[in-house]
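Subject: Handover of a structure model

Dear colleague,

Please find below the structure that I am handing over to you.

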Amino acid sequence: MSTEQASTSAGQLLSVQNIRKSFGLNAVLKGISLDVAPGEILALVGGNGAGKSTLMKIIMGIYTQDGGDIYIKGEHVVLNKPAQALAKGIYMVPQEPLLFPNMTVEENITIGFSQNKAELHRELVATMDEIGWHLNLTRRASSLSIAEQQLVEILRGLLRHAQILILDEPTSALTFDEVESLFKCVRDLQSKGIGIIYITHRLTEVFELATHVAIMRDGIIAVKGAVSGFTREDLVRGLLPPDMDACKDGGCPVPTAVDYTKAPVLELQNFGGYGFSGINLKIYPGEILGMAGVVGAGRTELATTIFGMDKVLGGKVLLNGRDITGLKTRAVIQAGLNYVPEDRHLNGLFKISDVACNTSSALLGDGSLGKFLLNRKKEQTLTQRYVDDFRTKITGQEQAVGSLSGGNQQKVVIARSLSTSPRVIILDEPTRGIDAAARGDVYRIIHQLRDQGVSILLISSDMEEIVELADRAVTVFQGRVNGEFKGADINQDRLMAAAFGVSEEKVASGS
Amino acid sequence: MSFLKKIAKARELSSFLFLVALFLIVGLINPAFLSGTSISACFNTSVVYTLIAVGMAFAIFIGEIDVSVGSNLGFVATVVGSLLRDGANWAFAFTVGILIGAIIGLINGWGVAIMKIPSLIFTLGTNGVLRGMMYIYAGGAWVENLPKSFKDFSSVTLIGGFTVYYCCAVLLVVGVHCLLTRTRRGRYFIAVGDNAGGATLVGIPATQTKVWAYVICGVLSAVAGIIFCSRIGFVTSTSGSGYEMKAVAACVLGGISLTGGVGSVIGAAIGAVIMASISYLLVFMGFSSNYDNAITGIILITIVVADALMQRRNAVRNCHDRLAARTAESAAVKGGAPQ
Amino acid sequence: MSRLKLPGKKVSFTWNMFLVLLLVLEFVIFSSVNPKFLRPALLFNSINDFISICIMSLFVTLVMITGGIDIQVASIVGLTSITIGVAWQDFGLNIWAAVAVAVLLAALCGALSGFFIAYCGVQAMVVTLGGSFLYAGLALLISTLSSTESYQGISGFPDSFKWIAQYKVFGVIPFQIVLYLILAVLAWVLLHKSKYGRRIFLVGVNQQAAEYSGVNSRWVIMSTYILSAVSASIAGTILTAYLGTAKSDLGNGMTMNIITAVVLGGTLSTGGKGSILGTTLAAVIIGILRFGMPLCFKINTQYLDIPIGVLLIVVVVGRSLASNPAMVARLARLKQNRNVPKAVVK
């Protein structure tokens, strides 16, 4: 069997066969096969959690696969360390360049080589001449722009005679001109016979740059082939799950009519901050407003800035008519707004603390759990109420949250945010990385909240989720709201297209 | 080109200018200071500090710390001193001393790099053990009556009133600096401290490099112990205590960032001269040496706070620039020609 | 499945049991070697030598739970002592007013270091290292304000002050022990019973998540340094009263003992976990060690750094091994293997 695979991968630079990888019980890659030939630019497209970066980390030797094989130029290889991948001619330019900020450009590129310095310098200058970029080699890496840092990373790879170059969302932080110059470089490299894996969120880039395309969804390759054989619509369809009509069969809860004549609970007026600008939004009582977009579109920055974690650059936030712009987090919470963070491990959970500690943590600011001493009784009652309501599976309130499953962890974080009885709650990717059963529970919680008159801003990259839950939806693309949809207009095709910036929907008048 | 190089080395340069300014100010207050011997004395007294500061610099380069250098120095001084007192061969005694230093470094490296224990806590432990072993070895007594030739060797001077020891130390610092900046493995130390994630991604053996940093630190502390023994002429049970603090302060003064990855051993050596001179300079300026610790503390805190604030400002600015670039791009796309 | 749960309380309970065992072991060994060890007068008197370590370790525990470290407390002991002496002798303050001045000064010192750590984001270790220089230097400078030579120390304090170290409750229990117990209870209430204590834990576990919960994490961090500095000033006052002399270098060499007590007491050096009971037990273990070793084995007090240092290293290495994923997996497999035959037998 393996000889057969080896023969199919003979003409390829890199060939991965049936790669599988799980973290705990969570299967991230479910049998991925991909080939890259010399001079090929393979665009790898997929939503968050599709497994793109896990696959790349396996190819780089940072993770080891649970199953499957990797062939380089037809030769079966085992990659356990990045050093081995480097030796085989694979180089990855990570999304966030990992340069040594305090070293010069030249030192950054030549580190790890044993050759004579002058010789390396000559080779480096020759390489730069060949592809026509000229970087000042004596500059410190910390003074470089992101685009320049990416060029340095690419040069690092070239000097190591990389045959396979992986670019992980290289344009996510680049300006328009920088993108142009990067594309030129990538085409130059392509003409030199280097195989390139180009990870991106942007469908326009696929048609502009790539020769081949593969779409990853939920740990499988949904679609792959030469770019010429696809239209944008084909790709958008590939990004969607095949059972997108399942919701209708299962019977979506009938959305309660939102009274849009009431005064909005939360209103953003020309709100701007780092990563987004000119946002105008209104959220009405008992409404679920879906906010779609790709990672890096500025949605999380918008939420954290409202929540008082980052600096406001302009505009206003009104909560029930009260100006809460630029208040501290504690004051925002007390004013009646709470936030469920996108990255629950980093910003949501106290992993080694128990369930009760986590649930009550946002209530320490007011007097409801006692003035000075902590009222453990009240804390336990509160925790138990949420555990029962949310059907959180725990062995006891003293269980450490780190040992819960992802879904139950998320329920604890949501409980924490609800404990302060907010009028508006911002849920940022509330179902990322949790299983189907827990997802259903989270949806039920969201519906309950809406029935109680709480307004919800639901940020999600999962279009299906927004279609299922939202009364109204907006899409955010590169820091601005670029589309608004109501009722029956909310469907996955439209959301996906707007989120990827393919088509620009007219912003509904009146908002 | 040379101008740019200077900018790249600005951290050491500013430390050096600070030292020169310090000497000039003291000279203005008390012109007697500028007579040659006082200045060379400042450098000569700094030789022990220079060595442990360079050792400490390795620990700090990789983003860790070693607070056992003082006891390491004291223990090695005790062992080497006793051996010499009992008539041992110089070469033998020195070899034993350096071996001890290497073993201590290896233990520290094992604890920090392999067992992944916070370096401050682990080396605080080895510090205590070494201090106790020092008492046991010397039986609580002072190590005295060292061979006269050994003690006298410390005052042998070469050109310009600099002692042999200081000249050797300078050569060593320059040598180590070249190794660090010009060889492949030498650059790993800075790289690991600068960006550990990036280092493994380009195939640098991070754990191994960290262990080596501690071994080098241990060896240099041992050498400092031997020189200490020769210069002072006796070893007490508290010799070397507090030196770890001075070494850290010297590194910080020399422009080495405590977050790792920034600085050079030349900076550490300049910082060591400043540290060693402070009490000496205070005397010339008519202050008592009582100000010594307070001034050291103030300088240390001021520098680290300024450094931290600047780094944080840069980090925040970089993050904001990246985010701003995204929105700027969307404006550019909108303004650009329709496709 | 139930094996996966990690009830925090149970773990610290077993660790505390281990510490109690260690303490009992010490008593058994020392008293069997030298029965004099058990004499209450001697035992209680020995308290004076290590009560400072006990007091400071209580509040350094709070600092370490936030994920920081405080190695400046030892220098604040000397600063307090000399401030009391100079303020009383050379500035003619009432002795209690002098104590108040000293405590206030210590609080300011703690606040200064805490500010740099919490609000400027400098590593705690470096700031408190600099602080240990600065405050020891400050103590030395204050000592020069006195007419008495600093190496002699200021003595001749009124009896009402020395009473702190001399009064014995019911004629046997030294007053300092009562004071220590009060402080321990205070620290216990603060850390384990109050909302403030909960904030300390939350900040130590995940400072970001604490911010997202609306906790003012910077203020919480800074306040722990103030508390530890104040505890150091209380220790300095008691030590001065006991010795009857105020010196600027009191407290030298206590740092490692304090850190060892806190770490041995079960506080995670990365923050987020720890208990006052554990620290109390560990501090007493170290104190008894410092008292028993010289008494029973004729070991010079100078050598005591070895067992303490070894203790520190063994505890941290042991913990590191126990939390190593490979080791945890191996242990889990061992347990499973042990369980399988049982099931088969049934």
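**Backbone of chain A**

A:K73 sits in the loop that joins strand 4 (67-72) to strand 5 (75-77) of chain A. Please bear in mind throughout that this is a predicted model. Although A:K73 is not a glycine, its phi is positive, at about 50°.

A:N270 belongs to strand 11 of chain A, which covers residues 266-273.

**Chain A as a whole**

Chain A contains 19 helices and 20 strands. Its radius of gyration is 25 Å, close to the 24 Å that the globule rule gives for 511 residues, so chain A is as compact as a globular protein of that length. Along the principal axes, the C-alpha trace of chain A spans about 70 × 50 × 50 Å. Of the 511 residues in chain A, 52% are buried. As for contacts in chain A between residues at least 6 apart in sequence, 69% of them join residues at least 24 apart.

**Chain B: overall form and confidence**

Chain B has 15 helices and zero strands. For its 339 residues, a compact globule would have a radius of gyration near 20 Å, and the 22 Å of chain B agrees with this. The box filled by the C-alpha atoms of chain B, taken along the principal axes, is roughly 90 × 50 × 35 Å. Buried residues account for 52% of the 339 residues in chain B. When contacts in chain B with a separation of 6 or more are considered, 77% are between residues 24 or more positions apart.

The mean pLDDT of chain B is 84, and 92% of its residues reach 70 or more. Over residues 1-8 of chain B, however, the pLDDT is below 50, and this stretch has seven contacts in the model beyond near neighbours in sequence. Residues 332-339 of chain B likewise stay under 50 in pLDDT, and the model has four contacts for them beyond four places in sequence.

Helix 5 of chain B, residues 69-85, has 17 residues. From its first C-alpha to its last, helix 5 of chain B reaches 24 Å, close to the 24 Å expected at 1.5 Å a residue. B:G87, which follows helix 5 of chain B, has a positive phi near 85°.

The domain assignment of chain B gives domain 1 (2-289) and domain 2 (293-331). The C-alpha centres of domain 1 and domain 2 of chain B are 29 Å apart. Seven residues of domain 1 of chain B are in contact with seven residues of domain 2 of chain B. On the domain 1 side of this contact in chain B, the elements that give two or more residues are helix 13 (243-253) and helix 14 (265-284) of chain B. Helix 13 of chain B gives the most to that side, with three residues. By type, the residues on the domain 1 side in chain B are six nonpolar, one polar and no charged.

**Contact between chains C and B**

How many residues of chain C are in contact with chain B? There are 37 residues of chain C in contact with 42 residues of chain B. On the side of chain C that touches chain B, two or more residues come from each of helix 4 (95-120), helix 5 (124-144), helix 11 (255-264) and helix 13 (305-323) of chain C. Helix 5 of chain C provides the largest share of this side, 14 residues. The residues on the chain C side that touches chain B divide into 25 nonpolar, 11 polar and one charged.

With kind regards

Terms used
Residues are numbered from 1 along each chain as its sequence is written. Chains are lettered from A and ligands numbered from 1 in the order in which they are written. This is a predicted model: local features need pLDDT of at least 70, side-chain atom pairs count only at pLDDT 80 or more; totals for chains, interfaces and linings use all residues. Domain bounds come from an automatic or database domain assignment. Two residues are in contact if their C-beta atoms, placed from the backbone, lie within 7 Å. Helices (H or I, at least four residues) and strands (E, at least two) are DSSP runs, numbered from the N terminus. Ala, Val, Leu, Ile, Met, Phe, Trp, Tyr, Cys and Pro count as nonpolar, Asp, Glu, Lys and Arg as charged, and the others, Gly among them, as polar. The radius of gyration is taken over C-alpha atoms; the globule rule is 2.2 Å times the number of residues to the power 0.38. A residue is buried if 20 or more other C-beta atoms lie within 10 Å of its own, exposed if 12 or fewer, and partly exposed in between; C-beta atoms are placed from the backbone. The expected span of a helix is 1.5 Å times one less than its number of residues. pLDDT is the predictor's confidence in each residue, from 0 to 100.
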